[in-house]
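Have the sequence and the 3D view at hand as you read.

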Amino acid sequence: MDRRYLTILIAFTFSLPTAVFAQGGSKLFDALHGQELRRVRTTLSTADDVAMAAKLLEEARASVVNADLLTDLCDHAYDLSWSVAEGQPTAIAAMKYLVEKLPDKATEANKRLVVVYRDRYGKVEGDEKKQVARDYAETARLVGRDLLKTGMLSEAQELYEAVTAVAKDEGLTALADQLDRQGAKTKQRVMAAERIRKLRYKIENYPDAPDTPHAQLELVHLYVAVMDDPNTAAAELDDTITEPAYAANLKLAAAVRLPTNDDDWFELAHWYRRIAASMHESLQDELLARAKSAYQRYLATHETQDLRRAKAVLALRRIDAGEGLAYVAGGPLPQPEPRAAAPTPPTPTPPTPTPPTPTPPTPTPPTPTPTPPTPTPAPAGDFVNLIPLIDAGADKVHGEWQVADDKLQLTKADESARLRLPIKPGTSYRLRIAFTRHTGSSTVAVLLPVGDQSVRLMLSGFGGLFSGLGMIDGKLASENASTVNKGTLTNGQAYTVLADVRVADGQATIKVTLNDQPFIEWSGDPSVLSVQDAWKLKTDDTPGIGAHLSTVDFNKVELETLEGEMVKLR
């Protein structure tokens with residue numbers, strides 16, 4: 001950067017009124033670069049975008065007045081250059097520099113790096129392609145970890161699967177294996193979250209059932225073994241688990257009380273091995289790894305050559321030899337006794353009746369059997385308001401829904417919450433939905449029947465990284481031809497999405513607009529479309545809506561049939 005320019009910049013910066021600093025970096029950035037930025041954005045050329053991005057990054061490196069200004073400089077450098085092949089090295093450098101100087105910005109910066117690495121992977125060849133794949137995979141691991149921390153299990157699983165395929169394609173075997181293992185663990189957590197939901201329902205609604213103690217123990221085990229959340233497991237513990245050591249070790253496993261002496265580490269390690277012996281084999285490796293870590297902590301502090309130390313050394317050898325479940329003292333954790341079923345009252349013996357004197361019966365006209373209502377066809381050609389047709393209790397597949405004030409509301413942030421719309425839309429149709437997301441940063445979903453198949457429109461998936469249709473040819477919404485890299489939705493802002501679905505001569509076309517702007521378009525054989533299990537409705541012939549770990553108001557849900565017959569299900 002020109003020294004004279006730097007001198008002028010610094011002098012100008014410190015001459016600005018204090019009020020500018022008080023309002024954050026955006027005001028200061030606009031005072032310094034707003035006019036030039038607006039001029040650059042109005043031109044059709046990308047060369048001036050890339051040049052200005054490089055200038056902003058150079059300024060960020062050379063002269064930083066405050067954190068807000070640094071953030072703005074790097075953000076604008078990224079926005080100007082990430083989608084242009086010549087500018088992508090600048091975009092990458094800007095986000096890396098932001099992480100280096102402001103670690104609290106790492107989560108969002110890494111998400112942006114995933115976007116630009118994914119885009120660049122398709123634009124380069126040879127050795128550079130392999131290096132970009134490595135950077136993409138390693139950054140995706142960090143983003144996946146952050147998604148898991150915030151409970152975005154499905155998004156993390158999808159991201160791991162997508163980036164594992166890239167690593168395998170480029171021969172990055174070790175990295176692909178690490179990602180594959182992490183993806184498998186995340187998939188287990190996704191399945192465990194669904195199982196936890198079902199167990200909670202059973203425990204809350206059938207507390208006196210004979211097998212409820214087993215459900216309670218399974219719930220605690222899932223939190224310990226799969227979700228790695230001993231704090232919640234401890235909160236779920238009740239009198240169905242009577243072994244004193246269980247409760248004590250559960251408290252040790254919780255982050256609120258790490259072991260303070262070597263004996264506690266030994267007991268915790270042994271407890272993990274006993275849980276592993278009680279669990280499905282797919283969960284045993286993770287529990288044995290925790291046992292190994294606890295044994296190592298014990299040996300690091302317990303130097304006395306006694307029997308317990310010898311047992312710890314032997315246990316480590318067995319774990320390393322793949323025999324970690326052999327010779328576990330005490331065996332698997334004991335199962336609770338099932339509650340006795342409520343006694344069945346004795347059946348009284350009826351007295352022997354005296355035959356009555358027969359009386360001729362009076363004929364009674366037969367009572368007509370009520371016929372269930374037949375779904376009624378609806379006229380085509382006009383948008384039909386679907387909200388009055390919705391029964392939130394009957395139509396929900398998962399989540400807490402209600403209809404109030406003429407709108408449909410998803411009232412609790414939950415995993416893959418979804419609701420069936422009680423209508424069959426016809427062969428070709430348009431579905432218009434107006435919504436506002438209030439909390440969360442993840443997916444708002446629209447499920448679309450297409451021919452004999454169904455597909456999910458994902459808006460703001462992966463915490464705002466991608467939008468798209470999924471799955472297509474088995475590929476997720478984050479990695480197929482429909483993927484839109486900039487997927488972020490802003491909470492509190494109103495959006496209208498219009499999905500136009502047409503099927504003719506064995507081919508389907510899906511066009512999506514967002515706030516009246518073209519957003520996604522796809523054409524092809526509808527047989528390649530599918531929906532992940534975590535997002536399926538009861539059937540594939542009805543549309544649906546949903547969201548992931550977010551609360552949303554759906555202010556308008558309307559459908560217009562273009563071809564075929566629209567059938568209301570109630």
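## Before we start

Contact here means heavy atoms within 4.5 Å. Please also keep in mind that the model is a predicted one.

## The protein as a whole

The protein holds 17 helices and 17 strands. Of its 570 residues, 49% are buried. If you take the contacts with a separation of 6 or more, 64% of them come from residues 24 or more positions apart.

## Helices α9 and α10

Two packed helices are described by the angle between their axes and the distance between the axes. For helix α9 (residues 153–169) and helix α10 (residues 173–205), the angle is about 155° and the axes are 9 Å apart. An angle over 145 degrees counts as roughly antiparallel, and α9 and α10 are therefore roughly antiparallel to each other. The crossing of α9 with α10 is left-handed.

Which residues of α9 and α10 meet? From α9 come L153, S154, A156, Q157, Y160, V163, T164, A167 and K168. On the α10 side, they meet A176, L179, D180, Q182, G183, T186, K187, R189, V190 and A193. Sorted by class, this contact of α9 with α10 has nine nonpolar, six polar and four charged residues.

## Helices α7 and α8

Now look at helix α7 (residues 106–121) and helix α8 (residues 126–149), whose axes come within 9 Å and cross at roughly 150°. α7 and α8 are therefore roughly antiparallel to each other, and their crossing is left-handed.

On α7, the contact is made by T107, N110, K111, L113, V114, Y117, R118, R120 and Y121. On α8, the residues involved are E128, K129, V132, A133, D135, Y136, T139, A140, L142, V143 and D146. The residues of this contact of α7 with α8 divide into ten nonpolar, three polar and seven charged.

Leaving aside neighbours within four places in sequence, N110 is in contact with V99, T139, L142 and V143. T139, L142 and V143 are also among the α8 residues in the contact with α7.

A67 is found in helix α5 (residues 67–81). With a relative accessibility of 39%, A67 counts as partly exposed. Along the chain A67 and L98 are 31 residues apart, and their C-alpha atoms are separated by 9.6 Å.

Strands of a sheet pair through backbone hydrogen bonds, either parallel or antiparallel. In this protein, an open sheet of six strands runs in the order β3-β6-β15-β9-β10-β11, and the pairing is antiparallel. β3 and β11 (466–470) stand at the edges with a single partner strand each, so one side of each is left without a neighbour in the sheet. From one strand to the next, the twist averages 15°.

Let's step across part of this sheet. Strand β3 (residues 396–398) pairs with β6 in the antiparallel sense over two bridges. K396 stands opposite L419 in β6, while H398 stands opposite R418. On the way from β6 to strand β15 (residues 544–547), the pairing is again antiparallel, over four bridges. Here the bridge partner of A417 is A547 in β15. Four bridges also join strand β9 (residues 444–450) to β15, with the two running antiparallel. In this pair, A445 stands opposite G546 of β15.

Which residues of strand β6 (residues 417–420) lie on each side? A417 and L419 are on one side, with R418 and R420 on the other, and all of them are buried.

Methods. Residues are numbered from 1 along each chain as its sequence is written. This is a predicted model: local features need pLDDT of at least 70, side-chain atom pairs count only at pLDDT 80 or more; totals for chains, interfaces and linings use all residues. Side-chain values use heavy atoms; hydrogens and water are left out. Axes are lines fitted to C-alpha atoms, for helices over the stretch in contact, and angles run from 0 to 180 degrees between N-to-C directions. Angles under 35 degrees count as roughly parallel, over 145 as roughly antiparallel, 65 to 115 as roughly perpendicular and the rest as oblique. A crossing is left-handed if the near helix is turned anticlockwise from the far one by less than a right angle, and right-handed if clockwise. Ala, Val, Leu, Ile, Met, Phe, Trp, Tyr, Cys and Pro count as nonpolar, Asp, Glu, Lys and Arg as charged, and the others, Gly among them, as polar. Buried means under 20% relative accessible area, exposed over 50%, partly exposed in between (1.4 Å probe, protein chains only). Two strands pair if DSSP finds at least two bridges between them.
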